[in-house]
Amino acid sequence: MSTLIMHYRKDKLPPPESFYMIDSDSKYWGKAPEILPLSAQSAGHYRVKKEEWIYQVRSRPLNQLFWIVDGKLSFERNGKKRTYGEGSVFVYYPGEPHIIKAVSEVVELYWLALHGPLADELFRAFEFPESNLRCGKCPTHLFDTLMEQIFHDASPYGLATAVSTAMLILNYAKSGIPDEYLQDHLVKQAVMLMDSNFTDTSLNVNAVAEMLKTNRSVLSRSFSRQMGITPLAYLMLNRLHRGAELLRLTSLPVAEISRRAGFANQISFIRAFTGYYGKTPTGFRKEVR
């Protein structure tokens, strides 16, 4: 018999008044508290506009942590209201009525919820202050990982793995994230983006930085230090290698190859290709075929 579990998809967010439910065939979710004294019950991601969001909850038997990615919101708990901004963390304990309102025009935040006999004890052991706790850039990749773990693997092992990810988030919320960790992840994400999208002629370093929500200079410094090459040069190499592959394996016109390799036009492709390989695309094709 299937059990309904809650999972918020980051690409299609539900209104805060409702739940987006996904049907799971797992036999473990209904027994999660019995299997482990602590479980990561749910996690989610919101990006909402000010006029769309006011979230009022009477009480729930959950411990929740919220981490703001962008914007400002007010959080009222036990009659006390505070304003939180980008990089701030705030928590909710079981049975506490609370109201969340967007203050800025757009607010983006991630959250997680822990459940089980040890959840409340664990949360209180971290001693999160009621005042504004600024922790820096939100580890969105960890929240995304947690959501995937919750959704895809509800076995005892999966439950334990999700808890370990949640604990890492809690630890970073309390102590902050080392710059080296963030920079390493930033570079990995940049590489993945460029490897997957270099054929898109509109992709450039500015676009990559914007997608990763970082400054271009920060991305370039971190990338160059770790990879030994600038992100622009890395992107160009991807495109040149694809161009050479198409020249070798197909009979497509050079103009079409330049487009498929991610170049804005044939002239820029020929110039870059000749500079790198020491011969024109046409000359290269004659030599390798």
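Me: Which residue's side chain meets that of Glu 256 in a salt bridge at 2.8 Å, N to O?
Reply: This is a predicted model, in which local features need pLDDT of at least 70, side-chain atom pairs count only at pLDDT 80 or more, and totals for chains, interfaces and linings use all residues. Residues are numbered from 1 along each chain as its sequence is written, and side-chain values use heavy atoms, with hydrogens and water left out. A salt bridge is a side-chain nitrogen of Lys or Arg within 4 Å of a carboxyl oxygen of Asp or Glu. At 2.8 Å, N to O, the partner of Glu 256 is Arg 260.

Me: In which helix do Glu 256 and Arg 260 both lie?
Reply: Helices are DSSP runs of H or I with at least four residues, numbered from the N terminus. Glu 256 and Arg 260 are 4 residues apart, about one turn of the helix. The element that holds both, residues 254–260, is helix 9.

Me: Which residue is linked with Glu 256 and Arg 260 in a network of salt bridges?
Reply: Glu 256 and Arg 260 form a salt bridge with each other. The network that links them also includes Arg 259.

Me: Is Glu 287 buried or exposed?
Reply: Buried means under 20% relative accessible area, exposed over 50%, and partly exposed in between (1.4 Å probe, protein chains only). Lys 279, the salt-bridge partner of Glu 287, is partly exposed at 25%. Because its relative accessible area is 58%, Glu 287 counts as exposed.

Me: How many salt bridges does the structure hold?
Reply: One of them joins Asp 120 to Arg 124, with the closest N and O atoms 3.1 Å apart. The number of salt bridges in the structure is 5.

How values were computed
Helix = DSSP H or I, 4+ residues; strand = E, 2+ residues; numbered from the N terminus.
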